[in-house]
Every structure is written in structure tokens, then in C-alpha cells.
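I wrote them for someone who is opening it without any background.

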Amino acid sequence: MSTTLPPKTEDGSSPVAPATPTDRRAKRTRLWGRPAFFQSYEQQLALFDTWSKRVGVAVVVVVGFALTQVFSDDILRSLALAFVLAIAALGLNMVTGLAGQVSLGHAFFIGIGAYTAAAISGDPEARTIGYGIEEMWIWLPAAGLVAAVFGVIVAPIATRLRGLYLAIVTLGLVFLGEHVFREWSSLTGGAGVGRSAAEPVLFGFDFSDAGSDSMFTRDQQMYVLMLVLLLVFALAARNIGRSKVGRSFAAVRDRDMAAEMMGIDLPRTKTLAFALSSFYAGCAGGLLYTITGYFDPGSFNLLLSVQIIAMVLIGGAGTVSGTIAGALFVAMLPTIVRNLVAPNLTFISTLPSETPNVFQVEQILYGLLIVVFLLFEPRGLFGIWVRFRTYWKSWPFSY
Amino acid sequence: MSVANGSASPVLELDDVHLSFAGVKAVNGVSLHVDPGELFAIIGPNGAGKTSLFNVMSGVYRPQQGAVRFLGESVLGAKPSKIAARGVARTFQNIALFEHLTVIDNLMLGRHQHIGYGPASAILWRGRARRLEVEHRRHCEEIVDFLELGSWRHLPVGLLPYGVQKRVELGRALAMEPKLLLLDEPVAGMNLEETEDMARFVLDIRDELDVPIIMVEHDMGLVMDLADRVLVVDFGTPVTTGTPAEVQTHPEVVRAYLGEEAT
């Protein structure tokens, strides 16, 4: 077992006897001259196991909050939307990226969540169903749970089908959902009319209402709320991913027959993956339209599903940070095109009546990006990051 | 090394097992029993039904006729995951590892059924989940040491050389703390050095860990050196069972492998 130790020992090829969990002292004492040397499995299993990761994440989070003071309300609103879509994408990443079950039905679960939240929080006096419970800590988990129940109902299909067949069945869900949402006008307001979304009220504080005495604008408040929620959901997703549960998902994805031989119950594992994924979708659905305040039953269409899939694929299937990056990238694409590309390329019109206009450019870029990523970097943005990191780890040598 | 036949109750018993796919008889009346601490080998020409027998034992196929008893209890028709939970671990002829996961994660998946915490605990990653992850990680490291996988442990198994992948698969089966280990061609496609390594591991598993093993293998040298008893099958039908020396000289076995003697 002769192995040359790499310059940094984060890889944990540590021959040192691990500390017992109770041996707290071992956590603090480090080998002289080898500050990065792991001496316990706890150190190695830590979420941010290296100094650079801890600093990197801290910087990203601080910058995330600081952006409220940098960007205009318009851009903050787009970013808040992107954060919510990232929560939905994290859910899809669980079922598709980790467990390997292709689902085109994510828009359906987002819709379920959106209407559950809106109905619970809605005005009882309005023409659409509403129970007037505006507290977010009630309607947000409820939106997730109702969607998760639908996920569990759909899961038996998923345990019998795989690949393309499962994709087509989940596609059917989207059309079923669209029809029901359009026709059930006492809940949804009906096609072309819509209803008001849930109220983001937490312990009496309404994030969507910046009073005249508030030092923050409405969009700044919503942005911070969504950022915090995204961090919470991302942390949970990361914990699921590195735990027994995430491992069993990945086992089902890589080799389902071998997974069964390890004592993993396939139907149960797939059902759990769908339930967790729909829970995320439901929560995202509940939050999504609190930013705009109003939504139409036509919103939960195939395009939304495809958009979420694009986020996972462009970001890097199976990774949490990649999925978030992909979600921000895809969701911010229209804003980027409108604010950066269009003003510099004068032949692109901002009027929809002229050709070429920004809306066409957006659509073309969107499709082009999916094709380019699948062809050249199937591991997505996360793969680019890994390559970048490896390059700088060994710089100036090529290996 | 081998425990004398009948001195202890067998770990696994197959009694007159018949398995057919439509018209094809894959397994035709095979009976066998494996005693504690025994290294039992199954040999036979290609298509003799050796892997089908493994699939019957691990619950992938349900035989139309016959009985399968593990530790005295019938496991006929039980789901593969349930049979695995009772302590039957196996490796595959064509490596079936979780190729995107690291060696450690593959071993941890072998321990899946021993790790007792649920999704709620996993989300929080506090207390029980973290304690059990560390505890079972330690167990996996013992297997890493045992199989000399130290330098590979954090690499995705898809990137590892073939011989090492075979070893990881053996490790994953060991991580299950099996009461019976099924090895499907553990040295297929390996060079001499790798074969010798694997032979040493197999002997160590039987002698040090005291796990009975059933091995399907085409490498006759390995089978004759290692096995306590050998079952020969041909076209799904059992030819003979006996010690390697008995089997080697059995006229039916010679015929199955070499064909009829020219007259």
C-alpha cells in the first residue's frame, strides 16, 4: 500500500488513528507543520472540510447579502425569482441528478405548491378559495407536504418505468395539471384571470409590504427572504446528498440491481426521492409568485419543467452548488441579455415588433446553451469549476 | 479447513431446484449444501447455469420447483433486498459497482442496511446521523486496510483499473457483514499477479473472517487449489459434487470439458 502523499492531505489518506467522537482534544491539536492534515473522520466528513471552502462559502454568502445595496430593485426582483427557481431545481436534482429518474413533471408539483399556499393564505372574502392563514411557517411546509403527497401518489408509476417511459408519463402529469388548474376556477381564478398569491408574512412581519417607515424597499426584503430560504434548502439538500439517503439514491441511479443486493428497497427509495423532490417543488411553488403577487393557471406548463431541467443540466446534475449556479444562470439569462448584450449590440431591437429583438435572442441563446453544454461539458458549470480548480491546484505544472 | 459434511447444520441448502426460461432449462434439479466455514466452488462450461444458480440464491430468479433454505429458513421467492438483509452478499461477473461514487461510498453502501437512521435525521446531520456515519466509516476503513485499497479510497470507482474494481466489489460485499458470500468469477480477466492477490483475499476471508463462500470460477487452477468441495454442472444438470481431486478424475467431468474420447 505504498502511496505517495499528495502535497495537501485533504484527501484524507491519513494513516493516523482516528479520534473517537469524545476525544475533543484531538480535534484541536494538529500535526506540526501539517495544518491541513485530517485526524478524525468527523473532520473529513465535515461539509466544508477545507479552509478554502469555508472562506469561499462565507464570501459568497456575504456578497449575496451585500448585493441588496448594489443592485437596483428590478435586478433584485429577478434574483429573488432565480433563488426560488433554484429551490425547485434542487428538488429536481434530487430525483433526476441523484436518483437518476427523469421527471418532466416538475411544473405540476410547483403548481400544486403554489395553489396550496395561495389557498391557505388567501383572503376568505375573495372570489377564489382562501382560508386567511397568512403565516408563512404554516403555508410553506403545507405547500411542500401537499406536493409531496402527490409525489408519493405518482411514485408507484416511477417504480415500474424507467428512462424515456418515465419521462413521457411525467409529461402527462403536466398536461393533467394544466387542465385541472385551468378549469377549477374557484381555486385558480380560471385561465387568463388568475388569482393573488400567498402572502409572505412571518410572525406578523409582511415581507411584501415595506411601510413608509421601513429602511428597506419591498424588493430588498423579498430578496433577503428568498436568499435565506435558498440557503436553508441548499443545506438540507447537501445533507441529504451526503447521507445514507443520498447514497442510496445514487446507487439506484448507477446500478439498480446491485443496489437491491445491498438491501436497498427500490420502490421505497424511488418513492422517497419523488416525495423529497416534490416537497422542494411545492415549497418553491408556494414562494414563486409571492414576488409578483399574482399568477395565472397557464404558468405551470411544459416550458417551466424544461426550464428547471435546463437548470440542473447546465449547472451539473447531482451537485447542489452546480444546480444553484445553473438556476441563477438560466433564470438571469433574460436580465443579462436585456441589460448587457442588447445595449451593446445596436442591431438588436428592444421592440417585440422588430427583428431581431431581445426576446428572440433570449430564446435562441437558451436553446443554444443547452446544446453547447450537453455537447462540450456534460458535467455543466460544476464541471467547468472542477477543471478550473484542478488547473490552479497544480499550476504552474500541467499535472 | 473444511468442516466435515453433516457435522453442523448447513448455511445454505438447495434442494432439487428447477429453473427454466420458456423452453430453456437453465437449472435442472440441482441440490447442494454449503457448510459453515466452507469454500464451495461451482464450475461448468459456459452456459451451464452457474450464474443462474447465483441468481436463484440471491433472489433475482424464482425457481419453478425446489427449495432454497438459508440458515434453515426458506428464502424461496423472497425479494433480493430481503435476502441481502438476511446476510447473503454477492459480487457480479461483470462488475456492478456504483461507478460515479468513490470507493468509500461504495463500501458505505455495502453497510446500508446496518446504518440505522432515517431521512429526517439525514437532513439535519446532527446527533445520530453524524455519529453513525463516523462509526460505519471506521468499519469501512478496516475493509480498505484488509483489501489494501488505501491509495484509491477517494477516487470514483469508474476510474479505477479493472483488477482494483474487482477488489472494491469484494470489499462492498464484505461491508455487508455477510453470513454467506457469493463470488461470481472473482478473477475473470485478471493477470497472474492479480489472481494471486485475489486468491489470498478469498482465503483470508474464509479463515480470518470465517465467512463461508460459494465461488463460480473458470480458472481451474484457482478452484482446485482453493475449494473444499466442487459442484460440476453442465447444461443446468448437476454432474457431480466432491473434493477437487475427486472431481478432476470423474469421467463425466472430463467428458463435459474435453468431449468424448476418440475411439
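The entries below go from conventions to chain B as a whole, then to its strands, and finally to single residues.

**Conventions.** I noted that this is a predicted model, in which local features need pLDDT of at least 70 and side-chain atom pairs count only at pLDDT 80 or more, while totals for chains, interfaces and linings use all residues. Residues are numbered from 1 along each chain as its sequence is written, chains are lettered from A and ligands numbered from 1 in the order in which they are written, and side-chain values use heavy atoms, with hydrogens and water left out.

**Chain B as a whole.** I looked up the secondary structure and found 10 helices and 10 strands in chain B; helices (H or I, at least four residues) and strands (E, at least two) are DSSP runs, numbered from the N terminus. The radius of gyration of chain B is 19 Å, close to the 18 Å from the globule rule for 263 residues, so chain B is as compact as a globular protein of that length. That radius is taken over C-alpha atoms, and the rule is 2.2 Å times the number of residues to the power 0.38. Along the principal axes, the C-alpha atoms of chain B fill a box of roughly 75 × 40 × 40 Å.

I then checked burial, where buried means under 20% relative accessible area, exposed over 50%, and partly exposed in between (1.4 Å probe, protein chains only). By this criterion, 53% of the 263 residues of chain B count as buried. For contacts (heavy atoms within 4.5 Å), I noted that among those in chain B between residues at least 6 apart in sequence, 68% join residues at least 24 apart.

On charge, I recorded 24 positive and 35 negative side chains in chain B, with the centres of the two sets 12 Å apart. Here Lys and Arg count as positive and Asp and Glu as negative, without His and the chain ends, and each charge is placed at NZ of Lys, CZ of Arg, CG of Asp or CD of Glu.

**The open sheet.** In which order do the strands of the open sheet of 4 strands run? I read the order as S2-S1-S4-S5 in chain B, with antiparallel pairing, where two strands pair if DSSP finds at least two bridges between them. The edge strands, each pairing on one side only, are S2 (24-34) and S5 of chain B.

Within this sheet, strand S1 (residues 12-21) of chain B pairs with strand S4 (residues 65-70) of chain B over 5 bridges, and B:Arg69 in S4(B) is the bridge partner of B:Glu13. S4(B) is also joined by 2 bridges to strand S5 (residues 73-74) of chain B, where B:Phe70 stands opposite B:Glu73 and B:Arg69 stands opposite B:Ser74.

The hairpin of S4(B) and S5(B) has 2 residues between the strands, and B:Leu71 there takes a positive phi near 55 degrees.

**Strand S3.** Why do I describe strand S3 (residues 39-43) of chain B as largely enclosed by the rest of the structure? It is because 5 of the 5 residues of S3(B) are buried. In a regular strand the side chains alternate between the two faces of the sheet. In S3(B), B:Leu39, B:Ala41 and B:Ile43 point one way and B:Phe40 and B:Ile42 the other way.

S3(B) runs parallel to strand S8 (residues 213-216) of chain B, joined by 4 bridges, and parallel to strand S9 (residues 229-234) of chain B, joined by 4 bridges. For B:Ala41 I found the bridge partner B:Met215 in S8(B) and the bridge partner B:Val230 in S9(B).

**Single residues.** B:Asn106 lies in helix H3 (residues 103-110) of chain B and is buried, with a relative accessible area of 0%. Not counting residues up to four places away in sequence, B:Asn106 touches B:Leu97, B:Phe98, B:Leu101, B:Val157, B:Val168 and B:Arg172.

A:Leu85 lies 9.3 Å from A:Leu287, C-alpha to C-alpha, although 202 residues separate the two in sequence.

My last entry concerns a cis peptide bond between A:Trp395 and A:Pro396, with omega about 5 degrees; A:Pro396 is in the segment after helix H16 (380-394) of chain A.
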